[in-house]
Amino acid sequence: MLLTLTTTHRPATDLGWLLHKKPARLQTFELPFGAAHVFYLEATEERCTAALLLDVDPVGLVRRPGGAAGGGWALDQYVNDRPYVGSSFMSVAISRVLGTALGGTCKTHPQVAASAIPLSARIAAVPCRGGERFLRLLFEPLGYEVSARRRPLNERFPQWGESAVFTVELSAVVRLADLLAHLYVLVPVLDDDKHYWVGRDEVEKLLSRGGDWLPAHPLREQIAARYLKHRRSLTREALSRLADEDAPDPEAVEETHAKEEEAVEKSLSLNERRVGAILAVLRAIGARRVLDLGCGEGRLLERLLRERTFTEIVGLDVSVRALEIAKDRLKLERLAPAVRDRVRLLHGALTYRDKRLSGFDAAAVAEVIEHLDPPRLAAFERVLFEFARPGTVVLTTPNAEYNEKFADLPAGTRRHRDHRFEWTRAEFAAWANRAAGRFGYAVRFLPVGEEDARAGPPTQMAVFQLIAASDAEDGGHAAAGPERGEDGGSEIRPPEKKATTS
Amino acid sequence: MNAEPGTLQIPELSLVVLIGASGSGKSLFAKKHFKPTEVLSSDFCRGLVSDDENDQSATNDAFAVLHFVAATRLAAGRLTVVDATNVQLEARKPLVALARRYHALPVAIVLDLPERVCQERNRGRAERGFGPHVVRQQVRQLHRALRGLRREGFRFVYVLESAHEVESAVVQRIPLWTNKTHEHGPFDVIGDIHGCCSELEALLSGLGYRREAAEGTPAAWRHPEGRKAVFLGDLFDRGPRILDTYRLVRDMVRAGSALCLPGNHEAKLARSLGGRNVQITHGLGRTLAELDALPEAEAAALRAEIAEFIDGLVGHYVLDDGKLVVAHAGMREDMQGRGSGKVRDFALYGETTGESDEFGLPVRNDWAADYRGKAMVVYGHTPVPEAEWLNRTINIDTGCVFGGNLTALRYPEQEIVSVPAAATYFEPAKPFLPEGAQAPVLSAQQVQDDVLDIEDVLGKRIVPTRLHRTVSIREENAAAALEVMSRFAVNPKWLIYLPPTMSPCETSAREGFLERPEEAFAYFRDRGIPRVVCERKHMGSRAVLAVCRDEEAARRGFGVTGEEIGACVTRTGRPFFSEGRAAFAEAVLDRLRKAVGAAGLWEDLRSDWFLVDAELLPWSAKAQALLEQQYAAVGAAAGAAMPEVVAALEKAAALGEDAVRLLAKMREREDRARRYVNAYSEYCWPVRSVEDLKVAPFHLLAGASGVYADRNHVWHMETLARICRADPGLLLETPYRVVDVTNEAERVEGVRWWEELTDAGGEGMVVKPYDFIARGSKGLLQPALKCRGKEYLRIIYGPEYDLPGNIERLRSRALAGKRSLALREFALGIEGLERFVRREPLRRVHECVFAVLALESEPVDPRL
């Protein structure tokens with residue numbers, strides 16, 4: 001990592017005094033993650049350039065006892081951009097090596113330290129997540145002239161396109177201490193939301209360097225948000241190791257996808273209306289014991305829990321992470337025992353038969369099936385309708401016809417990148433009618449959200465009602481599974497009354 | 001029960017309820033005759049919950065604990081003794097119910113000692129703070145209870161009336177009649193005969209039985225090798241030669257060459273013979289008619305004899321160390337080897353749902369569909385067109401009397417032998433043969449396998465493997481695997497194998513190297529393996545390909561219809577190609593299928609499907625996102641930073657030695673970064689069509705004819721090479737060398753070959769023992785070790801890993817965890833395949849695959 005600071009203030013050599021580093025020699029400082037070197041490329045009356053070179057030890061990063069605080073993907077990697085780019089390490093180096101200058105004090109040249117002087121800072125390589133636009137939004141409000149050059153991923157494969165790495169130069173007439181503070185806070189923000197710190201208190205320290213300028217910065221919320229770290233449970237740690245070995249960090253990807261879907265559907269507050277419509281059906285049928293299959297982060301559960309008529313509420317999801325969030329959302333730990341006992345969160349998958357799901361009045365299956373690969377739907381149908389067999393099933397899924405109404409959604413794409421399919425109304429009806437017929441349910445359809453005359457509603461809902469065995473000719477057979485219907489030519493009558501003695 | 005007086009015979013699985021007033025000596029008695037862990041005392045339980053054995057206010061809690069422990073023990077099939085006064089009906093009632101629930105026999109042992117004795121003993125015990133009225137009351141209650149104990153449900157009641165009787169009593173445990181675990185067969189289990197004696201004789205002949213008289217015994221059918229026939233009941237009614245059938249079976253049972261179980265028809269016949277008024281339906285009339293046709297005296301004698309014969313039949317048997325269970329109508333796992341009226345009813349009639357079908361016949365509860373037991377269950381009762389396995393159970397009643405077949409199952413061979421009926425002797429109430437050509441598309445097992453049960457994967461799991469030992473899976477790892485399996489993996493019917501992780505060789509001490517082949521050679525040589533196979537390691541992404549000859553093979557072999565006929569999956573079970581590139585998978589599978597055909601492998605290996613372990617190239621085909629976000633990003637960062645760093649230091653070089661030294665270091669860093677970019681770029685090329693892909697197979701894992709883990713790696717290489725030569729455009733033959741690791745020249749040549757491969761930019765090589773499965777003195781050996789090249793390792797350990805100062809630190813790497821993981825995963829992989837090839841239920845295969853995935857989520861250094 002190379003940061004150079006150049007001034008044309010006269011005499012330019014004052015920079016040496018301000019930095020408390022003499023131009024005549026190369027100085028080296030040991031830091032927890034490697035060494036920092038300060039030296040000068042030039043030092044004349046007209047122009048002075050000081051360099052801060054970080055020699056990050058890539059092996060040490062991985063091998064440090066106990067690992068680094070914060071965790072994260074980049075930490076476990078020897079193949080790591082940390083030795084080359086500006087990052088939170090640079091901030092640490094600025095505070096440790098150039099602390100006096102960062103503090104704005106200079107015994108010999110107090111007035112220079114207190115004045116704005118022409119300065120430019122160049123970082124040879126820094127990853128800008130959010131691109132050049134974000135880079136400019138960060139620094140231009142602070143009065144910098146920004147120049148940036150983006151680097152290609154690999155010159156041999158121009159089709160791969162550009163990398164996130166930029167060479168950045170910032171120029172302004174500014175106090176040195178301010179320039180350093182801006183770099184100190186904003187370079188880690190540029191880098192990514194995944195930081196690793198030498199100590200946990202570094203985050204606090206960094207934000208405190210924002211002083212009085214950060215509250216006025218138009219991007220202050222984003223800046224603060226990028227510092228938030230994610231803590232992971234054991235299972236999530238384990239899960240992260242199962243990431244497709246050839247794919248990037250799954251959790252980050254998932255978050256992005258969920259946000260994308262929410263953004264697409266936001267204008268309709270669709271999620272609210274889905275929950276509302278499901279509740280309406282559950283109330284209408286007088287359900288008491290209900291399942292929320294694919295409960296996700298627990299939005300429906302939260303509403304169910306508020307109503308005492310739902311005496312037993314079970315939320316099931318395949319994502320341990322979603323269940324953790326649901327647990328927080330419901331504040332399970334803090335609920336009174338009588339309320340808490342009404343709800344249970346289960347980890348499970350709808351492609352596996354699950355005895356825990358038997359015997360419920362109703363099941364909500366909101367926005368779930370489109371996340372299943374079509375070949376797995378057959379298993380899902382049996383798990384839900386044959387084995388769990390709730391009295392009522394309320395099932396929602398996107399209406400693909402409506403997608404054209406979403407301005408932000410390119411034609412032919414789906415609302416969420418994990419959606420394996422999105423059905424038209426006709427496709428959904430065909431599937432639902434077939435499933436209902438096969439498993440002894442009656443089905444009706446309801447629109448969710450503002451209906452468009454041509455495209456229909458944004459979300460489609462099917463309500464399946466179990467046909468009681470006495471109403472249907474062979475309800476009992478459906479329960480046993482149609483393929484196994486052949487029972488053979490039994491001639492046995494039920495055992496005549498038999499004493500249990502022998 | 002004819003036992004010596006003073007000998008208390010109790011069944012080996014019973015709930016023994018001691019009954020006696022305080023001070024009657026129950027605890028002493030229990031201590032003398034039972035293991036301490038078998039005895040549950042109410043005093044002890046009171047102490048457990050309240051710290052005071054005499055705290056009467058803790059009695060309810062104490063009994064809750066006692067009942068819970070008793071239930072747990074009985075469920076596990078363990079004899080349990082309840083040491084409490086039990087003089088009140090309310091105390092005994094739940095115990096009898098408990099015994100019934102777990103099909104254990106309730107036994108009462110009453111210590112009816114004179115009140116005086118009890119009072120005396122209690123006086124000696126200061127801690128018993130209750131007055132004499134308590135004991136008096138207890139003795140009175142006991143006497144009132146005595147006569148009703150049998151009616152309460154106690155199947156054995158022993159009353160000891162004096163201190164002497166208590167003192168001299170002997171407890172003898174007797175095995176249940178169902179317990180024939182010491183009989184190891186081999187057996188020939190024969191389905192419902194219903195008087196089809198001619199077919200029975202033909203079947204027995206075909207199985208190698210001969211009718212002959214042994215020394216001093218009457219003539220009977222016997223097997224020269226001592227095999228035993230097991231008749232599943234329903235010998236009588238409906239058919240043409242009912243009494244002949246009976247006599248044949250009776251003679252064999254008497255001669256010891258057969259076991260016989262009762263069917264529901266025997267039960268009904270017995271009631272009829274006993275003079276009860278039963279409906280003469282379902283062919284009972286034919287039995288009675290045959291009897292009536294006999295001379296009066298003979299008929300009377302035979303009636304009595306048959307009644308006695310049926311009375312002596314035991315409902316079900318547990319044979320061969322518990323591995324085989326036989327019963328007329330089947331046997332649930334929790335009832336096997338137990339004795340109760342319910343168990344016998346189940347054996348005779350099975351279970352019904354209480355509903356009736358359109359023919360007015362009871363709808364059966366499909367116990368076999370829920371069966372999870374370890375024992376194989378062979379049964380009959382309900383005629384089926386064909387004997388079919390489902391969850392280790394098989395119904396071999398193929399409806400001979402209705403014009404079907406008479407079927408035998410040879411055990412342990414698991415071979416089915418059938419004789420067709422000479423005629424339709426009886427019309428069934430509802431047709432049992434499928435109408436027309438409506439043969440089922442999938443087998444019963446395959447239909448059941450459409451849905452796996454969460455119970456079979458979630459929570460802490462313990463999987464036994466043949467190759468290694470039992471493998472445990474932690475709960476959180478199983479949870480992680482569930483998420484991946486259910487969200488991203490292909491249909492579990494295709495996913496019968498996941499490849500194990502592979503350990504590198506020991507770390508080399510050679511300067512500038514982390515890995516070299518010498519260490520891999522030494523690993524095998526030091527463990528007694530003289531020859532190894534070195535294979536070129538391709539750098540792409542792992543792919544496991546299930547390739548089927550045609551749709552029929554996919555249906556028969558994997559139970560999959562209406563999908564691709566084959567699958568190409570990653571090492572975590574995902575489809576190898578994302579949705580947009582599904583056509584690639586189809587094309588790859590299609591060409592592989594044709595290549596297998598052209599190489600003649602379908603015929604040579606007598607299989608219509610194969611599972612192929614391969615590397616799919618280029619790396620960038622699968623890993624483009626990872627390449628861009630990690631590898632290329634690091635290269636781009638280095639490319640941006642290092643020239644500026646070097647230029648800056650060149651300007652500062654005049655500042656002195658430190659600057660010069662730093663400049664040299666940064667120049668090296670710049671050079672290593674460039675070499676790193678070159679190293680990974682080697683494994684990338686654009687993929688526009690399937691023509692740009694390469695598949696390099698290296699294991700032919702399994703086919704219908706078996707798991708090819710019994711073939712050595714040269715066989716694998718050569719067999720796969722035949723396929724590769726059939727389509728060199730797609731399939732990449734893997735170069736290999738056999739090296740005798742005890743021969744210096746061959747070792748040197750092996751090392752030289754590795755250097756040649758890695759100098760040319762190759763990843764390195766994999767060293768495998770000559771045999772697929774190799775064992776050393778401490779058990780299973782690593783199935784393969786990788787030796788990665790110097791340049792390749794930059795992608796793993798970072799661009800400058802080989803600089804002095806870095807490489808020294810990297811040498812200390814702990815291989816033990818990785819190696820243990822590799823062995824466990826290898827053993828699980830082979831176990832799963834063996835189960836699949838044996839056509840076990842999918843859940844048994846899935847268990848292994850799931851376990852591999854769960855193990856992959858264990859924390860192990862990902863660079864190894």
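Predicted model: local features only at pLDDT ≥ 70, side-chain atom pairs only at ≥ 80, totals over all residues.
**Entry 1: pairing, and a hairpin**

I count two strands as paired if DSSP finds at least two bridges between them. My first stop was strand E10 (residues 210–213) of chain B, which runs antiparallel to strand E11 (residues 219–222) of chain B, with four bridges joining them. Which residue stands opposite Arg211(B)? I found Trp221(B) there, in E11(B). The hairpin of E10(B) and E11(B) has five residues between the strands, and in it Gly216(B) takes a positive phi near 70°.

**Entry 2: the whole chain**

Next I stepped back to look at chain B overall. I noted 28 helices and 37 strands in its secondary structure. Its radius of gyration is 36 Å, whereas the globule rule gives 29 Å for 864 residues, so chain B is more spread out than a compact globule. The C-alpha trace spans about 120 × 80 × 55 Å along its principal axes. I also looked up burial: 50% of the 864 residues of chain B count as buried. As for contacts in chain B between residues at least 6 apart in sequence, 72% of them join residues at least 24 apart.

**Entry 3: a five-stranded sheet**

I then traced an open sheet of five strands in chain B, in the order E13-E12-E9-E21-E22, and its pairing is mixed. Which strands are at the edges? They are strand E13 (258–260) and strand E22 (415–420) of chain B, each pairing on one side only. From one strand to the next, the twist averages 20°.

Strand E12 (residues 228–231) of chain B pairs with E13(B) in the parallel sense, over three bridges. Here Phe231(B) stands opposite Cys260(B) in E13(B).

Two helices that pack on the sheet went into my notes. Helix H9 (residues 197–206) of chain B touches strand E9 (187–190), strand E21 (405–411) and E22 of chain B, and its direction makes about 140° with that of E22(B). H10(B) touches E12 and E13 of chain B, and its direction makes about 120° with that of E13(B).

**Entry 4: helix H13**

H10(B) came up again when I turned to helix H13 (residues 296–311) of chain B, whose buried residues pack against helix H10 (242–255) and helix H11 (264–273) of chain B. I checked its length: 16 residues at 1.5 Å a residue should span 22 Å, and the end C-alpha atoms of H13(B) are 23 Å apart, which agrees. The buried residues of H13(B) are Ile306(B), Phe309(B) and Ile310(B). Why do I say they line one face of the helix? Seen down the axis of H13(B), they fall within an arc of 90°. The face turned away from this buried side carries exposed residues, including Glu296(B), Ala300(B) and Glu308(B).

**Entry 5: helix H23**

My last stop was helix H23 (residues 713–726) of chain B, with 14 residues; it reaches 20 Å from its first C-alpha to its last, close to the 20 Å expected. Its buried residues are His713(B), His716(B), Met717(B), Leu720(B) and Ile723(B). They cover an arc of only 125° around the axis, which puts them on the same side of H23(B). I looked up what they pack against, and found several elements of chain B, among them strand E27 (531–537), helix H19 (582–598) and strand E31 (694–703).

Terms used:
Residues numbered from 1 in each chain as written. Chains lettered and ligands numbered in written order. Expected span 1.5 Å × (residues − 1). Buried ≥ 20, exposed ≤ 12 C-beta atoms within 10 Å, placed from the backbone. Arc of directions from axis to C-beta. Contact = placed C-beta atoms within 7 Å. Rg over C-alpha atoms; globule rule 2.2 N^0.38 Å. Axes fitted to C-alpha atoms, helices over the stretch in contact; angles between N-to-C directions.
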